[in-house]
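Let's take a walk through this structure together, one stop after another. Have the sequence and the 3D view open as you read.

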Amino acid sequence: VTHKSSTTRTLKVDALPRVEGEGAMLIRATAGRVTAVELRIYEPPRFFEALLRGRRYTEPPDLTARICGICPVAYQMSACQAIEDACGVTVPEPIADLRRLLYCGEWISSHALHLYLLHAPDFLGYPSAVELARDHRAIVERGLALKQVGNELLAAVGGRAVHPVNVRVGGFFRAPTRRELAPVAERLRWARDAALETVRWVAGFDFPELTVGHELVALRHPTNPEYPILAGRVVSTQGLDLAVGDLDEQLVEQHVPHSTALHARLRDRQGQGQGDGRYLVGPLARYALNADRLSPIARQAAAEAGLDPSCRNPFRSIVVRAVEILYACDEALRLLDAYQPPDPPAVPVAPPAATATGHGCTEAPRGILYHRYRVESDGRIADARIVPPTSQNQGQIEEDLRRFVEPRLDWPTEALTRACEQAIRNYDPCISCAAHFLDLRVERS
Amino acid sequence: VTAPSEQRQAAGPLRLVALGDPFRRDDGVGVAVARRVRAATRAAVEVVEPGGDPAALLDALAQPTPAAGAGIVMVVDAVRTGTGAPPGSVHRVELEPGHGRLPDLRRRDSSHALGLGEAIELAVALGRLPAGTRLVLFGVEGARFDPGTELSAPVAAAVEPVAAAVLRIAGQAGPQAQATATRAPRRAPGGRSG
């Protein structure tokens, strides 16, 4: 819908489709310059943080999993880690491996959904997955089948695909047997091939030109040569190197006038000009900082796809997602091959002797998800802090739109709007439980 | 007298797909109706709650065995039509996918990454909804969608009539549905799923 007046030109879309949830967007331009970009998201974890106070220390994994139907495992894992940290417990390796296996299922499922049904249509000029399916039925079927394999892995380890029920502080309620996991291993072998085809498919897309100088932040393990999922230090392309526990002080969340959501910034970078502490998490950041730690098949596919760890074009994140699906399939197969059910499936975790604070950080499909809990000696939670990936990326999404739109202000309204939507989807923003609709408006004076 | 195979084909699946988020007040009306229908144990209706997973919605609409023939898929969700209809109003729409154009169901303000209209069209494009499937959509006009679990009073009052309408459709398809149920234990009367 285009609205014209003598001084302003307003481009309005009722809502941005194909994102996980609802929000609002306003872009305003005056005399060829973008003067305002506002991404409005209503951030529900605030309610959860209040709700968690006074709850038992065993409850956050299941309660916070409800924040998101797409990445519940990420919430469960970050919560478990933070509680265990507060209680002074480190889970043994076999339990950590089973967690990693479960997490692979979520990466496969979440990435396949976003890549095939939400993002790919943009690159191929289709208004939605429906039109894509009409012309390329087999491709959409492949995407749905890939997602299904992720769900099967989630169900096999977690008890069910959405909001798994088998996760507890200290480990799992029950460890699946090798025999129970055998069928999903068979399916993963198919999925690994399908993922390789996916990388080759998306590598052939046309990528709009956009280079951004974001500080990219991801986990990286100081010693284990593993692609980051569950462990590591928090590092960045600009030399940040923090223990997970330092995030509490380093991540500053700010209210911005146009949103009830909080914007996360890096404390040490504030007041230093350009980025003002804004940073980016997610596939592009993980890849930039850990490309050397992909498995050989994934590393080779990335190279063939023309990906380079120095890549700073957010539109290429779809290729990184494809590589990460391939990696997750390959890694799940490696873990399944070596799998011995942890016995016992969970280690005991008692409340701390005195009030203690614990931190957890894992790589959700969309980037690092940080949890902090203060646990009382009677097992009650005194307070909680949750910083999800999308709230960390909000500032960068706005910055991307500013840079993307400015040189293209002469574009036709419809094309520019669609390109803006595509640019937002580069980050697979997860605002599922948001209370306001995403309403994209570009005003041009 | 129809042959058993034809009878089975005529029956097809009889399913209720309940959409919406029960933690977003009136958005929970679909799940409330689903509970009510489940409680009526004699109804041979398979009740599915795909939750927030768009691909699960696609699976919920799709026929697990298209060869079994066209069936009846009922969908209940909260809607905000902007037509001035008072909260609690029930909009009933009947569709036959593959037979002419669908009404414009692609709500661009849907809170689902893949809206209902898109999911239906995608199911058709992928051949998962056989022609002739009867789709009955019940949209209940909602008032409040902020976080919370209570339905507003007029929306809560719509739960019973919508459940009754679902059961009436199930009753009309009753004998055939029962025949399906005896052949397919997974769709037994009152059976759970999802």
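## A guided walk through the model

At 19% relative accessibility, B:Arg25 falls under the 20% limit and therefore counts as buried. Keep in mind as we go that this is a predicted model. B:Arg25 sits in the loop that links β1 (14-18) to α2 (29-39) of chain B, and its phi is positive, at about 45°, although it is not a glycine. That deserves a second look, because most residues other than glycine have a negative phi.

Is A:Ala31 buried or exposed? With a relative accessible area of 67%, A:Ala31 is exposed. The peptide bond leading from A:Asp343 to A:Pro344 is cis, with omega near 0°.

Next, let's visit a sheet. Four strands of chain A make up an open, mixed sheet, in the order β10-β9-β8-β13. The edges belong to β10 (241-242) and β13 (279-280) of chain A; each has a single partner strand, so one side of each has no neighbour in the sheet. The partner of β13(A) is β8 (residues 215-220) of chain A, and the two run parallel, paired over two bridges. Within this pairing, A:Glu215 stands opposite A:Tyr279 of β13(A).

Helix α9 (residues 283-290) of chain A packs on this sheet, where it touches β8, β9 (233-236) and β13 of chain A, and its direction makes about 70° with that of β8(A). How many residues of α9(A) are buried? Eight of its eight are, among them A:Arg286, A:Tyr287 and A:Asn290.

Our last stop is a pair of helices. The axes of α3 (residues 72-86) and α4 (residues 93-124) of chain A come within 9 Å and cross at roughly 150°. That angle is over 145 degrees, so α3(A) and α4(A) are roughly antiparallel to each other. The residues in contact include A:Met77 and A:Cys80 of α3(A) and A:Leu102 and A:Tyr103 of α4(A). By class, the contact has seven nonpolar and three charged residues, and no polar ones.

Finally, look at A:Arg425 in helix α13 (residues 413-425) of chain A. A:Arg425 is buried, at 0% relative accessibility, and its side chain makes a polar contact of 2.7 Å with that of A:Asp122.

How values were computed:
Residues are numbered from 1 along each chain as its sequence is written. Chains are lettered from A and ligands numbered from 1 in the order in which they are written. This is a predicted model: local features need pLDDT of at least 70, side-chain atom pairs count only at pLDDT 80 or more; totals for chains, interfaces and linings use all residues. Side-chain values use heavy atoms; hydrogens and water are left out. Buried means under 20% relative accessible area, exposed over 50%, partly exposed in between (1.4 Å probe, protein chains only). A polar contact is a pair of N or O atoms within 3.5 Å; within protein, one must be able to donate a hydrogen and the other to accept it, and residues adjacent in sequence count only if both atoms are side-chain atoms. Two strands pair if DSSP finds at least two bridges between them. Contact means heavy atoms within 4.5 Å. Axes are lines fitted to C-alpha atoms, for helices over the stretch in contact, and angles run from 0 to 180 degrees between N-to-C directions. Angles under 35 degrees count as roughly parallel, over 145 as roughly antiparallel, 65 to 115 as roughly perpendicular and the rest as oblique. Ala, Val, Leu, Ile, Met, Phe, Trp, Tyr, Cys and Pro count as nonpolar, Asp, Glu, Lys and Arg as charged, and the others, Gly among them, as polar.
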